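Me: I would like to go through this model side chain by side chain. Could we begin once it is on the screen?

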Amino acid sequence: EAGDVLVRLNSDEIKREIEEEELQLSEARLNLEAAETAYDIQVSDNAASLQNAQLAVELAELALQQWENGDKVKQLKQFDTAVEKASRDLERLKEKKAKSDELYEKNFISYDEWKRDEIALLEAEAAYETAKLDREVYENYQMKRDHEQRLSDLQQARQELIRVEKSNQINLKNRDSARQNRAVQVGRREERLAEWTAQFEACTITAPTDGLVVYGSTVQSDDWRSQNEGPIAVGRQIRNNDLIIALPDTSEMIASVKVHESLAGRVRPGQRANIKVEAMGDLTIPGQVETIGLLAETGGWRDPNRREYTVRVRVEPGPYSEDLKPSMRCQ
């Protein structure tokens, strides 16, 4: 019946290949999972490094703005205040020294007091010059250096941002490429496993339809291999295109008979014919001629002069159909 198992081919090697492919596929899937995880981690790392680089640029910009609008102005203000204070102290001490000179000439103060006023004036002059010098040094040197330093910090932060963006692109591209390669490997392993699985399933041959099981050696009686090795058996090696089993549909039978060349000219397609089967006694089975061979065949080495044509006669169905079997002798 349809679905019955007819033949099982030896599948030991295919089983080993399937087991190997299953191991390789499991490893490929683990590698793909690792590549997917590495890709996700790279995406997270890229976001963090990009955020840090952008923050560094923002901080450098804020530091420059803070210095230009705050620290620099504040420092200049402090220097201006110091200069202004030193200038006022100097003017005050000059006035005091002038009064001290008058008082000293009139002997209203001692020499020691007059000398202290003179020293205070000298210190005030030195403090005033120092305050002016400090402001000039800051404005001409320190301020420019601070400005260049903050500009450099900002430029480096921007360059670092560009480097991080390019590095992120390269790293993510490498991770994505590795992920795609792993996915391709998994796909190939799945395809190979599917191919081997299909081969394994093909090792079990089932009947596609109902029919009569006939060994290929019976159908191909003229095959030297069939003659030497006999019917198919366990352990026999088969080759490509070997006929193992035939499932003839016995509901439609053809009688192939030989007609002598002297009679072949009287046979025409469509003619009615009566068929006798040796195994069925005197039963006569009706049929109709389908075709006549184009060339005559010899009688073989036993009768090389004999010439016969092969005539194919379609057997009409009837109650005897179930008893008809392939390869029965008929005339």
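Me: Is Tyr 111 buried or exposed, or in between?
Reply: Tyr 111 counts as partly exposed because its relative accessibility is 45%; buried means under 20% relative accessible area, exposed over 50% and partly exposed in between, with a 1.4 Å probe and protein chains only. Please note that this is a predicted model, in which local features need pLDDT of at least 70 and side-chain atom pairs count only at pLDDT 80 or more, while totals for chains, interfaces and linings use all residues. Residues are numbered from 1 along each chain as its sequence is written, and side-chain values use heavy atoms, with hydrogens and water left out.

Me: And what does Trp 114 count as?
Reply: Trp 114 counts as buried, because its relative accessibility is 16%.

Me: How many aromatic pairs are there in the whole structure?
Reply: The search finds 2 aromatic pairs. Rings of Phe, Tyr and Trp (its six-membered ring) pair if their centres lie within 6.5 Å; planes under 30 degrees apart count as stacked, over 60 as edge-to-face and the rest as tilted.

Me: Which residues form them?
Reply: Phe 79 and Tyr 138 form a tilted pair, with 5.2 Å centre to centre and 40 degrees between the planes. This pair links distant parts of the chain, as Phe 79 is in helix α1 (residues 12–105) and Tyr 138 in helix α2 (residues 111–202), 59 residues apart. Helices are DSSP runs (H or I, at least four residues) and strands likewise (E, at least two), numbered from the N terminus. Phe 79 and Tyr 138 are both buried. Tyr 111 and Trp 114 form a tilted pair as well, at 5.8 Å centre to centre and 40 degrees between the planes. Tyr 111 and Trp 114 are separated by about one helical turn because they are 3 residues apart in helix α2.

Me: Changing topic, what lies over the face of Tyr 39?
Reply: Arg 179 does, at 3.8 Å from the ring centre. A charge sits over a ring if NZ of Lys or CZ of Arg is within 6 Å of the ring centre and within 35 degrees of the ring normal.

Me: Where is Thr 37?
Reply: Thr 37 is in helix α1. The C-alpha atoms of Thr 37 and Arg 179 are separated by 9.2 Å, although the two residues are 142 residues apart along the chain.

Me: On to β5: which residues are on its covered face?
Reply: Ala 255, Val 257 and Val 259 form the covered face of strand β5 (residues 254–260), whereas Ile 254, Ser 256, Lys 258 and His 260 form the uncovered one.
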